[in-house]
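Have the model open beside you as you read.

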Amino acid sequence: MWHPMQVAAICETLGAVARRRELAQHGVDGRAVRRAVASGAIVRIRSGVYALPGLPAPTRTALRHGGVLACVSVARQRGLWVLPIDGLVHVALAPHGHAHPHADCTCVQHWNELGPSRTEVTLVDALLQMRGCVGEDAFFAALESALHQRILTPLGRAELRDRITESARWLVELARSDAESGLESLLRLRLHRLGLELHAQVQVPGVGRVDFVIGDRLILEVDGRDGHDDEPSRHKDRVRDAVAAAHGFDTIRFDYDLVVHEWHLVEQAILAKVARDLHLEPWSERLRSA
Ligand SMILES: [Zn+2]
Ligand SMILES: [Zn+2]
C-alpha cells in the first residue's frame, strides 16, 4: 500500500507534475492516487494531471490550461521587475499541444518547444517571449533586472544574444547589470532611443548624489517613493535644485507614475531642455572630474 507521501515523492522526482499514466508506470494505482489527493499530499490539476501542493497560483493555472508558465508570468514569478502590464497568466504550449478549457480562462498563449521544466519555460525563453508579447521596454527592464539580481547567468545572456532576432540584438548589448531599478532601465532605454545617455547615481559638484544625469547638465530626480512629500524634504529638494542651478545644472523632477505611464510628457520636457542647451558648451569635464 502506497503512503500518500510516497506518491508525492514520485511526483517530485517527475518534476512536481505527474500524469496518471506516469504514476501507474511507477505502480501507483488509482486508489493510491485518490488517497494522496484526499490527504493533500498531491493536488489534482485537471483530469489525469496531478502536482505537488504549494505551486504558485499562476503556475497551477498554466498547468490547468495544458501548458507551462511562460513569458511575463515567469519574469514575475522569478521576482524580476516587470512593467505594470496586465496580470494575466501567460502559458506556453508545446507545438503539438492543445489548450484545455478551464473555468475563468484569460490565459495568453504562446507556442514553442518546451524546456526540461514541467512547470515553466526557461528564463531565456521567457525573455524572448516577452519581447514579442509585451514589447521592448518591458523586455529590457526585465532583462536588466535579471542581470542585476544575477538570475540570468553570463551563459544565459550569451544564449539570449544568439537566439534573439538580429534587429533586437542591440537591446541585449545595451543591457547592464548595475541598473538598480526598473525605472532606471526604462529611462536608459527610452533616452537611448532619443540619442541621449543616462548616468545613474551621479556625484554632482556642490550638490551631492543625484538620481540621474542626462547628457552633461540635466539632472533628473524621481520623487515620490521615499517620502519627498513632507515639508522639510520639499525644502531640501528646493535647496538642492538651487545649488545645482548655481553650478550650471538644470533639474527636472518627475515621479514614478509619470515615467511609467505618461512618458510622452517626460520626453517632451527633456527634449525641450536639451534643445535649449544645444548651443552651450558641454559640461562633460565638470562631471568627469567629480
Ligand atoms: Zn506573453
Ligand atoms: Zn487558460
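## Domain contact and metal site

Arg118 and Glu22 join their side chains in a salt bridge, 2.5 Å from N to O (a side-chain nitrogen of Lys or Arg within 4 Å of a carboxyl oxygen of Asp or Glu). This is a predicted model, where local features need pLDDT of at least 70, side-chain atom pairs count only at pLDDT 80 or more, and totals for chains, interfaces and linings use all residues. Residues are numbered from 1 along each chain as its sequence is written, chains are lettered from A and ligands numbered from 1 in the order written, and side-chain values use heavy atoms, leaving out hydrogens and water.

An automatic or database assignment sets the domain bounds:

| Domain | Residues |
|---|---|
| domain 1 | 4–54 |
| domain 2 | 58–174 |
| domain 3 | 182–289 |

Between domain 1 and domain 2, the C-alpha centres are 27 Å apart. Eight residues of domain 1 touch seven of domain 2 (contact: heavy atoms within 4.5 Å). The rule finds one salt bridge across this interface.

Now to the metal. His65 (ND1), His102 (NE2), Cys105 (SG) and Cys107 (SG) coordinate the zinc ion (ligand 2) at 2.0 to 2.3 Å; donors are N, O and S atoms within 2.8 Å of the metal (3.2 Å for Na, K and Ca), and with water not among the atoms, sites may look incomplete. Along the sequence, these donor residues follow the spacing H-x36-H-x2-C-x1-C. Cys105 is partly exposed at 35% relative accessible area, while Cys107 is buried at 17% (buried is under 20%, exposed over 50%, partly exposed in between; 1.4 Å probe, protein chains only).
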